[in-house]
Amino acid sequence: MKRVTVHLAGKPYDIDIAQNTLAQWPLRLREISPGPFVLISDETVQRLYGKTMAARFNASDQGLLTLTVPAGESSKSLSQCDALYTRLIENRITRDAVMVALGGGVVGDLAGFVAATYLRGIRLIQIPTTLLAQVDSSVGGKVGVNHPLGKNLIGAFHHPEAVFIDPDVLHTLAPRELRAGLGEVLKYALIRDAELLEVLEEKLPCIMRLEDGALLESVIARCCQIKAEIVGLDEREQGIRAWLNFGHTIGHALEAATGFACYRHGEAIALGMAAALHLSASCSGLDQEAVQRGMGLIRALNPPPLPADVTTEMIFTHIAHDKKRRRSGQTWVLIERPGRAVLRDDVGDDRVYGAIEQLQDLSS
């Protein structure tokens, strides 16, 4: 087992990463709290793992309420929150309850936001079942839901008590979902770890085929370690935590411009990183060799092409609704070289337009 600790000023928590451990998590939860527990998952994850988890809870005499939401990004909404609040109230769930998010990024963000706001906050455990959630969204305490005008515009900071990761569950992921998660893995390599970038260049096909469990475990652990280090230094995103948004400004705008129906989150981020690489070349001195290395890996992840009816102007308009935008303008996360991110607030609109237009070439 690998363990990564997120060191916070208030209360640190551990991320445990180990293969073939999903069935053990109910026993681990007993060590954290006597319950009661509320398990939230989507319909797909509930079918795959929810019943097994519930049986383990029953075997250990722990109270469990299971709630299921539809699979997909549309569940990250205030209407779905309201439905979950109603079920919690109807079942008289009290402040001593622990919410367990079993699923991908949508479930983790949604359940986390409900946990942050129900009765002004109840405890949370994250058990991520997609690669994207394992390396990114389950760690760091950001929870929230979408608004039709933008991604994650309604949210809070609510850290989990613990994160439990079993890489074996990735074998049930569709290849597209796995590639989407690798988009976030690539982000960590580009902003913080040139050696991880070399591993991806050498081992990406092996990782995509899930052939080497030890390699996969180490890649997940390294991504969690990078995020834990950054979050520990800047919990509320007042400075370097913004590095984690590399590719996200244009990626989120692309998701919103397509009604959150065209792209998996990691796919949109991959396209956003492609644009950010071009911006980095024109604004922060990134050399063309590094641009092409990053673009080669993005192409290998095979994100869907831009829809024909989505224009540069539409994407640019949605950038104005980005939640990280300040009154003084947009701060961009760029890279100077692989493994070194920088923040820039002097990127002209013409260069942003040009970077977005480059995505048409990637899609052709």
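The following dialogue considers the fold of one predicted chain and the setting of Ser284.

Me: Under what conventions is the model read?
Reply: The model is predicted, with local features requiring pLDDT of at least 70 and side-chain atom pairs pLDDT 80 or more, while totals for chains, interfaces and linings use all residues. Residues are numbered from 1 along each chain as its sequence is written, and side-chain values use heavy atoms, without hydrogens and water.

Me: How many helices and strands does the chain have?
Reply: Helices (H or I, at least four residues) and strands (E, at least two) are DSSP runs numbered from the N terminus. The chain contains 13 helices and 11 strands.

Me: Where does Ser284 lie, and is Ser284 buried or exposed?
Reply: Buried means under 20% relative accessible area, exposed over 50%, and partly exposed in between (1.4 Å probe, protein chains only). Ser284 lies in the loop between α10 (265-283) and α11 (288-301), and counts as buried because its relative accessibility is 12%. Across the chain, buried residues make up 57% of the 364 residues.

Me: Which residues are in contact with Ser284, leaving aside neighbours within four places in sequence?
Reply: Contact means heavy atoms within 4.5 Å. With those neighbours set aside, Ser284 touches Leu279, Leu334, Ile335, Glu336, Val342 and Arg344.
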